[in-house]
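Have the sequence and the model at hand while reading.

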Amino acid sequence: MSLTDLAATIAARAGADPDTSWTARLLADPDKAAEKFGEESGEAIIEAVKDDPARLTSEAADALYHLLVMCAARGVTLSDIETELASRQMQGGIEEKARR
């Protein structure tokens with residue numbers, strides 16, 4: 001599954017019943033979506049430090065899902081994120097950070 005496919009699945013679940021869809025439940029509660037992203041990103045960090053590629057892959061997938069849900073819950077799309085990344089493409093990382 002690509003990130004585009006994942007974002008489309010998340011968008012499609014926005015109208016689902018929060019009692020039967022975890023994604024719909026998180027989309028209806030942006031604070032909970034943010035909390036879950038924080039939790040999953042922390043778990044990915046732990047697996048990176050442990051140097052466990054298989055577990056890191058799993059936790060990174062969870063973190064990406066929860067990142068996209070958190071953003072969608074606040075009206076930020078994958079396309080918005082890609083546009084922001086494209087605007088930074090021609091800058092070096094140090095230069096980009098200095099401009100923020």
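Apart from its neighbours within four places in sequence, Ser21 is in contact with Arg13 and Ala16 in this predicted model. Ser21 sits in the loop that links α1 (3–12) and α2 (22–27). Its relative accessibility is 9%, and buried means under 20%, so Ser21 counts as buried. The side chain of Ser21 also reaches the backbone nitrogen of Ala24, at 3.1 Å.

Helix α3 is the next topic. α3 has 21 residues, and from its first C-alpha to its last it reaches 30 Å. That is close to the 30 Å expected at 1.5 Å a residue. Which residues of α3 are buried? They are Pro30, Ala33, Lys36, Glu40, Ala44 and Glu47. Seen down the axis of α3, these buried residues fall within an arc of 115 degrees, so they line one face of the helix. The buried residues of α3 pack against α2 and α4 (53–73). On the other side of α3, Asp31, Ile45, Val49 and Lys50 are exposed.

Asp31 belongs to helix α3 (residues 30–50). Asp31 counts as exposed because its relative accessibility is 55%. The side chains of Asp31 and Arg74 are joined by a polar contact of 3.2 Å. Asp31 and Arg55 are 24 residues apart along the chain, and their C-alpha atoms are separated by 26 Å.

The table sets out the two accessibility values.

| Residue | Relative accessibility | Class |
|---|---|---|
| Ser21 | 9% | buried |
| Asp31 | 55% | exposed |

Just after α3, Asp51 takes a positive phi of about 60 degrees.

Technical notes. Residues are numbered from 1 along each chain as its sequence is written. This is a predicted model: local features need pLDDT of at least 70, side-chain atom pairs count only at pLDDT 80 or more; totals for chains, interfaces and linings use all residues. Side-chain values use heavy atoms; hydrogens and water are left out. Helices (H or I, at least four residues) and strands (E, at least two) are DSSP runs, numbered from the N terminus. Buried means under 20% relative accessible area, exposed over 50%, partly exposed in between (1.4 Å probe, protein chains only). A polar contact is a pair of N or O atoms within 3.5 Å; within protein, one must be able to donate a hydrogen and the other to accept it, and residues adjacent in sequence count only if both atoms are side-chain atoms. Contact means heavy atoms within 4.5 Å. The expected span of a helix is 1.5 Å times one less than its number of residues. The arc is that of the directions from the helix axis to the C-beta atoms.
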